Amino acid sequence: MFYNSSKILFTTIMIIGTLITVTSNSWLGAWMGLEINLLSFIPLLSDNNNLMSTEASLKYFLTQALASTVLLFSSILLMLANNLNNEINESFTSMIIMSTLLLKSGAAPFHFWFPNMMEGLTWMNALMLMTWQKIAPLMLISYLNIKNLLLISVILSVIIGAIGGLNQTSLRKLMAFSSINHLGWMLSSLMISESIWLIYFIFYSFLSFVLTFMFNIFKLFHLNQLFSWFVNSKILKFSLFMNFLSLGGLPPFLGFLPKWLVIQQLTMCNQYFLLTLMMMSTLITLFFYLRICYSAFMLNYFENNWIMEMNMNSNNTNLYLIMTFFSIFGLFLISLFFFML
């Protein structure tokens, strides 16, 4: 009981910290919100039964504390540069602030802590790290919007996110590199419009939630578990890999819709080189998702079925199948809705 109540308390404080950052009108207020968010998220990460989670929380604290220190120092320098009307120092400090925010969000080339840390987390904590913890840094990045640095980060994020996931057997690392790739798309949408970024983020959060929800129910952490489980339930196996393809952005699934919007807007802004790189990186991510799906459908291992039977009798499975329906047919339903209007 105490554990659950403390969890609710820290989750509430974490949400408040993010809201303080998003609504603050100064860099000092934003820094304060980020610190509240950080200090409330670390107790959620640590678990006495798992040494990996303790290591992950320490890694998270060190990287975020470094970023927060530099952010505080840079925001003070920025205030001094504004008072002295020094444009050179102002642009330089803005670039440093942007770099610290990219480090906080886990975007390339400041992504090195992200996959290693994901490996030590539970699925629910990993989901929070991939979704909620990105809101505050990305909102602050949208206030700066330094095109050159943002462009470099977008290109590196989509390439590293695609290539890094090729040889992964751990599902958490696979989701981490997928998150880096999607972060590249989100940063590119920030260059165009905040509303498109918000749409992309909502769809990405939903698709990530569907997959992590499934992994959490059946305690899946490695690719070989996907091949050996779901032998008796073809519907669950099929739905899981359709969700993978939806997250990758394959049409006609729901995950294609936010990518479609970003592609359309980048085409209107004549960003053809960037768009080509992003689409090629997405094809690489779809390649390894399809490779997983193909292997899982072709290979069947009749092992661990008693664990499968134990978990099948829960209402969570029905909820997962309902969410999967929206993940697969969501684009069709949205198109039908707008057609009827």
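Student: What makes H10 and H13 roughly antiparallel to each other?
Tutor: Their axes cross at roughly 155° and come within 9 Å. Angles over 145 degrees count as roughly antiparallel, under 35 as roughly parallel, 65 to 115 as roughly perpendicular, and the rest as oblique. H10 and H13 are therefore roughly antiparallel. Their crossing is left-handed. That term applies if the near helix is turned anticlockwise from the far one by less than a right angle; clockwise is right-handed. Axes are lines fitted to C-alpha atoms, for helices over the stretch in contact, with angles from 0 to 180 degrees between N-to-C directions.

Student: What kind of model is this?
Tutor: A predicted one, where local features need pLDDT of at least 70 and side-chain atom pairs pLDDT 80 or more, while totals for chains, interfaces and linings use all residues. Residues are numbered from 1 along each chain as its sequence is written, and side-chain values use heavy atoms, without hydrogens and water.

Student: What makes Glu55 and Lys59 a salt bridge?
Tutor: Their N to O distance is 3.1 Å. The rule asks for a side-chain nitrogen of Lys or Arg within 4 Å of a carboxyl oxygen of Asp or Glu, so this pair qualifies. Both residues lie in helix H3, 4 residues apart, about one turn of the helix.

Student: How do you know that Glu55 is partly exposed?
Tutor: Glu55 has a relative accessible area of 40%. Buried means under 20%, exposed over 50%, and partly exposed in between (1.4 Å probe, protein chains only). Lys59, at 30%, is partly exposed too.

Student: How many salt bridges does the structure hold?
Tutor: It holds 2. Glu119 and Arg172 form one of them, with the closest N and O atoms 3.8 Å apart. Glu119 sits in the loop between H5 and helix H6 (123-130), and Arg172 in helix H9, so the pair ties together parts 53 residues apart in sequence. Both Glu119 and Arg172 are buried.

Student: Why does Asn270 count as exposed?
Tutor: Its relative accessibility is 53%, so Asn270 passes the limit for exposed. Asn270 is found in the loop between H13 and helix H14 (272-298). Asn270 has a positive phi of about 60° although it is not a glycine.

Student: What makes Lys219 partly exposed?
Tutor: Its relative accessible area is 47%, so Lys219 falls in the middle class. Lys219 also has a positive phi, about 55°, without being a glycine. Its place is the loop between helix H10 (194-218) and helix H11 (223-228).

Student: Which residues does a cis peptide bond join, with omega about 5°?
Tutor: Ala108 and Pro109. Pro109 is in the loop between helix H4 (87-105) and helix H5 (113-118). Another cis peptide bond joins Pro251 and Pro252, with omega about 10°. Pro252 lies in the loop between helix H12 (234-248) and H13.

Student: How do you know that Met340 is exposed?
Tutor: Met340 has a relative accessible area of 67%, so it is exposed. Met340 lies in helix H16 (residues 315-340).

Definitions and conventions. Helix = DSSP H or I, 4+ residues; strand = E, 2+ residues; numbered from the N terminus.
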